[in-house]
Amino acid sequence: MNNVKDFGAAGNGSTKDTCALQRAIDAGGIAYVPPGVYLTGTLYLRSNGGLELAPGAVLLASPDKEDYNADDYCVQNQAYPDDQVSAAHLISAVECENVVIRGGGKIDGSARTWLNQVAWVMGREGYIYPPWRPGQLIYFCESSHLTMTDVEIVDAPYWAVLFHGCEHVNVRGVRIFCDPLGHNGDGIAVDCSSFVNISDCQIEGSDDCITLRGRAGVLKKQRNCENVTVSNCILKTLESAIRIGVGDSSCCVRRAIFSNIIIRGAYTGVCICSNWKAWSDSPGVEDMNFHDFYVDADRPFSIANYTCLSPKAENIPHPGHIRRIALRNWRGRGLQTANILENGGGEISGLVLQDIDLIFHGENKEAATAGARSCHDGEPLLPAGFYISGTQGTKITGLKCSCEGDGLWSEMLRVENSSSMTIDGKKIDKNIVINL
C-alpha cells in the first residue's frame, strides 16, 4: 500500500492535501490514509486500487469550489438544476474496475460550508438552497467490481453515494449520517446498475436512504437496474427510506430483494413510484420482494405509477408499469393510509401482500373531509389503514391492522376499481370496504 504521508500529505486539517493524495492514488494499488484530517478536493480513483482509511482518518471536503471537478469532466456526468446542485464530486471513479474504499475512517462532505442558513423551505424547516454546492459526494460511473466496506460518510451536501451504470458492487457495514435540515440528502443511489449487494448499513438523512433508479440517458452503454439485494439495514429519514423508480422508459428497474430492514421516523417507509413527475419519461418496475420489515413511518408504504403531487397525470409520454411486487411479513406503525394507486394510465398488476400487521395511530383528522389529500405527497387521506385502487391480480393473505387511541380510523381496507383480486383465497369484486 502507498502511505499518503510518504507522498507529502500533511493530515492537519488545514493544509490542502489533494495533490499528495492523488499522487498516492496514481502510484497504483491502495492508497493508505493514516489517522489525521486530510483537507481535499476531488480525488480520481484508478483501476485495481482505491483508498484504505484507517480508524481516525478523515477525508474532509474542501470549502472551495475551484478544488472540484468541472461538470463536464466526463460525458456521463450530470448536474441536476432542479435540485440547485452541480455535478462536482469529492471522490470519482469513472470507467474503472476493481476499486475499493474501505477501513474504519470517515469521509466528511462539509455540507455546512454551503448549507448553513436555516429558514422555512419546501414546507419544512431547512437550509436555504445555496447558489452552488457539490453533487454526489462519491460517484462511481460505468465501473465494475467495486467494494465499499466499514467507512463512515457524514454531511454530504447532496447524495452521499451514486453507482451509475455499474456492475458487481458490494457495500457492507457503511454508516451514512447527513443533516436532517439539508435537502436531497440521499444515502445510496443505485442507478442502472446490476449485481449489487448492500448489507449491514445504517443510513440517516434528509431524503431517500436507498434508491433504485433507471436513468440511462447519459450513459455510454444502456443498462437496466437489476439483480440487487439489500439486507440487514437500519434506515432513518424525513422522506422515503426506500424509493424505487424514476428514469427512462428504455430501462427497467427489476429483480431486487430487500430483507431484514428496520425503518425509523420516515415519511414513507417504501415508495415505489415509476416517476416523480407525471410529464416525464419513466421506467417499468417489476419483480421485487420486500420481506421481514419493521416500519415506523407516517405512510408505511406507497405504490403508484406517478406521484399525486404532479399537477396532471395526462398525456404522459410513457406510463410506467409496476408488476409482481411482494410485501411479506411486515410489522410496524403508521399515521396515514398505506396506498396502492394506479394512476396516469400505467399498470399495477400481480402484487402480493402477505402477513402484514400494522398499528395506525394519530388523530387523522383530515380523513373526515372527502377527497382530502396529503400536502406532502398528494396522496389520499382516508380513515382506512390500506387503500387499493385500479390494480389487477392483487393477492392478499393475513392482512391486519389496528387503531391505537382515538384517531379517525374506521376501515382496515378499502378497495376500488380493482380486478382479479383475492383476499385470503376469496375472489373480491371491484369495490369493497372491510371495517376494523
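**Exercise 1: cysteines**

The sulfur of Cys252 lies 8.7 Å from the closest cysteine sulfur, that of Cys251, which is too far for a bond. The model is a predicted one. Determine how many disulfides a search of the whole structure finds, and examine Cys233.

*Solution.* Step one is the cut-off, since a disulfide requires two cysteine sulfur atoms within 2.5 Å. Step two is the search of the whole structure, which finds 0 disulfides. Cys233 is accordingly in no disulfide, the nearest cysteine sulfur, in Cys201, being 4.7 Å away. Step three concerns accessibility: Cys233 is buried at a relative accessible area of 1%, and Cys252 is buried at 9%.

**Exercise 2: aromatic pairs**

Find how many aromatic pairs the structure contains, and describe the geometry of the pair formed by Phe301 and Trp330.

*Solution.* A search of the whole structure finds 15 aromatic pairs. Phe301 and Trp330 form one that is edge-to-face, with 5.8 Å from centre to centre and 90° between the planes. This pair links distant parts of the chain, because Phe301 belongs to strand E26 and Trp330 to strand E27 (residues 321-334), 29 residues apart. Phe301 is buried, with a relative accessible area of 1%, and Trp330 is buried at 0%. Both residues belong to one aromatic cluster, which also includes Phe258 and Phe360.

**Exercise 3: a residue in strand E26**

*Solution.* Ala297 has a relative accessible area of 3% and is buried. Beyond four places in sequence, the residues Ala297 touches include Tyr267, Arg333 and Leu335.

Terms used: Residues numbered from 1 in each chain as written. Predicted model: local features only at pLDDT ≥ 70, side-chain atom pairs only at ≥ 80, totals over all residues. Heavy atoms only, no water. Buried < 20%, exposed > 50% of the residue type's maximum accessible area, 1.4 Å probe, protein only. Contact = heavy atoms within 4.5 Å. Phe/Tyr/Trp six-rings, centres within 6.5 Å; stacked < 30°, edge-to-face > 60°. Helix = DSSP H or I, 4+ residues; strand = E, 2+ residues; numbered from the N terminus.
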